[in-house]
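Me: Hey, can you walk me through this one? I'd like to ask things as they come up.

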Amino acid sequence: MAKLLYQGHGSYRITTSAGAVIYVDPYAGEGYDLPADLVLVTHDHHDHNVISLVPPKEGCTVITQKEALADGVYHSFSVAGVKIDAVPAYNSHHKKSECVGYVLDLGDVRLYASGDTSTTQEMETQLPGYCLDYALLPIDGIYNMNATEAVRCAELIKAKKVIPIHMKPGALFDRVMAESFHAPNRMIVEPGEEIQL
């Protein structure tokens with residue numbers, strides 16, 4: 001069964017049922033001990049792209065927004081048995097041309113790694129079609145949408161479970177902010193906690 005370790009802020013590690021290891025937006029917390037098959041970076045801000053934290057396996061693939069949104073086209077990839085589709089991510093602090101989110105199809109689970117974003121048109125038109133099992137959404141209300149807007153996004157996306165992340169700049173996690181995200185399908189995961197997907 002696939003697992004997700006929330007490292008804190010916008011960083012997390014996914015291990016697929018087949019044992020492939022994926023890091024998303026490495027920057028915060030602990031849990032960088034497993035060598036990576038795949039590293040995904042949603043954008044070039046310092047708190048999302050510390051690739052040097054990740055020990056690579058031989059042949060490790062690193063996909064950043066530059067590859068994912070090359071020539072203005074959202075690209076798809078297949079790495080270590082995982083299908084990855086880049087999707088739009090943007091708001092007033094994050095240019096659409098410089099940021100992406102990712103939909104990961106792990107075979108038995110589909111997960112939306114939103115990156116830094118607020119409401120996008122694609123949350124209504126594209127993402128529901130993936131029949132997502134999990135979505136991870138930022139709720140800080142400073143650089144991204146706040147918890148109230150994130151609830152509306154969760155309704156649009158229609159994932160079975162939604163995990164609030166990226167909630168307080170300078171902190172791995174904030175329990176009060178996490179609990180202010182009132183989506184009925186909310187799942188709060190604390191830094192260092194690993195869940196089965």
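Me: Let's start with E8 and E9: in which sense do they pair, and over how many bridges?
Reply: Strand E8 (residues 100-105) and strand E9 (residues 110-113) pair in the antiparallel sense, over four bridges. Strands (E, at least two residues) and helices (H or I, at least four) are DSSP runs numbered from the N terminus, and two strands pair if DSSP finds at least two bridges between them.

Me: Before we go on, what kind of model is it?
Reply: It's a predicted model, so local features need pLDDT of at least 70 and side-chain atom pairs count only at pLDDT 80 or more, while totals for chains, interfaces and linings use all residues. Residues are numbered from 1 along each chain as its sequence is written, and side-chain values use heavy atoms, with hydrogens and water left out.

Me: OK, back to the hairpin. How many residues sit between E8 and E9?
Reply: Four residues lie between E8 and E9 in that hairpin, and glycine 107 in the turn has a positive phi of about 100°.

Me: Which residue in E9 is the bridge partner of tyrosine 102?
Reply: That's alanine 113. Alanine 113 also stands opposite leucine 136 in E10. E9 and strand E10 (residues 134-138) pair in the parallel sense, over three bridges.

Me: New topic: serine 11. Where does it lie?
Reply: Serine 11 is in strand E2 (residues 11-15). It counts as buried because its relative accessibility is 0%; buried means under 20% relative accessible area, exposed over 50%, and partly exposed in between (1.4 Å probe, protein chains only).

Me: What does the side chain of serine 11 reach?
Reply: The serine 11 side chain reaches the backbone nitrogen of tyrosine 27, at 3.1 Å. Beyond its neighbours within four places in sequence, serine 11 is in contact with residues including Val24, Asp25 and Tyr32, where contact means heavy atoms within 4.5 Å.

Me: You mentioned Asp25. What's its phi?
Reply: Phi of aspartate 25 is near 50°, a positive value in a residue other than glycine. Most residues other than glycine have a negative phi. Aspartate 25 is in the loop between E3 and strand E4 (36-40), and it counts as buried at 1% relative accessibility.

Me: Which other residue has a positive phi of about 50° although it is not a glycine?
Reply: Histidine 166 has one. You'll find histidine 166 in the loop between E11 and helix H4 (175-179), and at 2% relative accessibility it counts as buried.

Me: Which residues line the largest cavity?
Reply: Asp25 and His166 are both in the lining, and among the others are Tyr12, His48 and Asp116.

Me: And how much space lies in the largest pocket?
Reply: About 240 Å³. The largest pocket is lined by 15 residues, with His9, His46, Asp47, Tyr143 and Pro169 nearest its centre.

Me: Last one, H3. Which residues in it are buried?
Reply: In helix H3 (residues 147-157), the buried ones are Ala147, Glu149, Ala150, Val151, Cys153, Ala154 and Ile157. They pack against E9, helix H2 (122-125), E10 and strand E11 (161-165).

Me: What happens at its ends?
Reply: Asparagine 146 caps the N-terminal end of H3, with a side-chain oxygen 3.2 Å from the backbone nitrogen of threonine 148. After H3 comes lysine 158, whose phi is positive, near 65°.

Key. A polar contact is a pair of N or O atoms within 3.5 Å; within protein, one must be able to donate a hydrogen and the other to accept it, and residues adjacent in sequence count only if both atoms are side-chain atoms. On a 1 Å grid over the protein atoms alone, a cavity is a set of points where a 1.4 Å probe fits but cannot get out, and a pocket is an open set with protein on both sides within 12 Å along at least five of seven lines; lining residues have an atom within 4 Å of a point. Grid points are joined across faces, edges and corners, and a volume is the space filled by probe spheres set on the points.
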